[in-house]
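Please keep the sequence and the model in view while reading.

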Amino acid sequence: MIASLVMVTRVMGEMQDEWWIIGSAAVALHGADPGPVADIDILLSERDASQLFPQLGIPIAPGGAHHQFASTVFGIWNDPPISVEFMAGLRVMRDSRMQDLQLHTRTPVTAGTVLVYVPTRPELEGMLRLFDRPKDAARLGALRLLD
């Protein structure tokens, strides 16, 4: 995962807005075992996505239709050893309607020789509860084992 995170920091260094690693990689960066990390999920602004995607050769497109998630912009970068999924304008189904996912915290974490950003542990736990999938429940359990 470290090699992919090094590549991420190189391309994210010139972004104008805040960005976060979320999902299983964020759980791992908090020091818990999320199970396999199949990809690295990055939440970024639409403005930064419109700048970054052309540089990486990623088409700018909305995220695919999913009953639980949607994003205004979604793209996959397959060059790193672990692929990176970028999403902007992430929306999550809650109380039978789609709601914007707003992150309010940002914690720097050193991964190898680079600095990356994740939500604080309480906010990440809240996000995992909101996602409410079996794999997110397992990741939440892994975070709670850190106590």
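A residue is called buried when its relative accessible area is under 20%, and exposed when that area is over 50%. The structure to which these terms are applied here is a predicted model.

Helix α5 spans residues 134-144, and its buried residues are Asp136, Arg139, Leu140, Ala142 and Leu143. These residues lie on the same side of α5, because the arc that they cover around the axis is only 155°. The other side of the helix carries Pro134 and Ala138, both of which are exposed. Against what does the buried side pack? The buried residues of α5 pack against two helices, α2 (23-29) and α4 (121-131).

Attention now turns to the strands. An open sheet is formed by three strands, arranged in the order β3-β6-β7 with antiparallel pairing. Between β6, which comprises residues 91-94, and β7, the antiparallel pairing extends over four bridges. Within this pairing, Met93 is found opposite Met98 of β7.

The loop that lies between β6 and β7 deserves a separate look. Asp95 is located in this loop, and its phi is near 55°, a positive value in a residue that is not glycine. Is Asp95 buried or exposed? With a relative accessible area of 64%, Asp95 is exposed. Ser96 also has its place in the loop between β6 and β7. Although Ser96 is not a glycine, its phi is positive, at about 65°. The relative accessible area of Ser96 is 73%, and this residue is therefore classed as exposed, given that the term applies to values over 50%.

A further antiparallel pairing joins strand β8, residues 107-111, to strand β9, residues 114-118, over five bridges. Thr110 has Leu115 in β9 as its bridge partner. Which residue takes a positive phi in the hairpin of β8 and β9? Two residues stand between the strands of this hairpin, and Gly112 is the residue with a positive phi, near 65°.

In summary, α5 has its buried residues on the same side, and these pack against α2 and α4. Strands β8 and β9 pair in the antiparallel sense.

Key. Residues numbered from 1 in each chain as written. Predicted model: local features only at pLDDT ≥ 70, side-chain atom pairs only at ≥ 80, totals over all residues. Heavy atoms only, no water. Buried < 20%, exposed > 50% of the residue type's maximum accessible area, 1.4 Å probe, protein only. Arc of directions from axis to C-beta. Contact = heavy atoms within 4.5 Å. Pairing = 2+ DSSP bridges.
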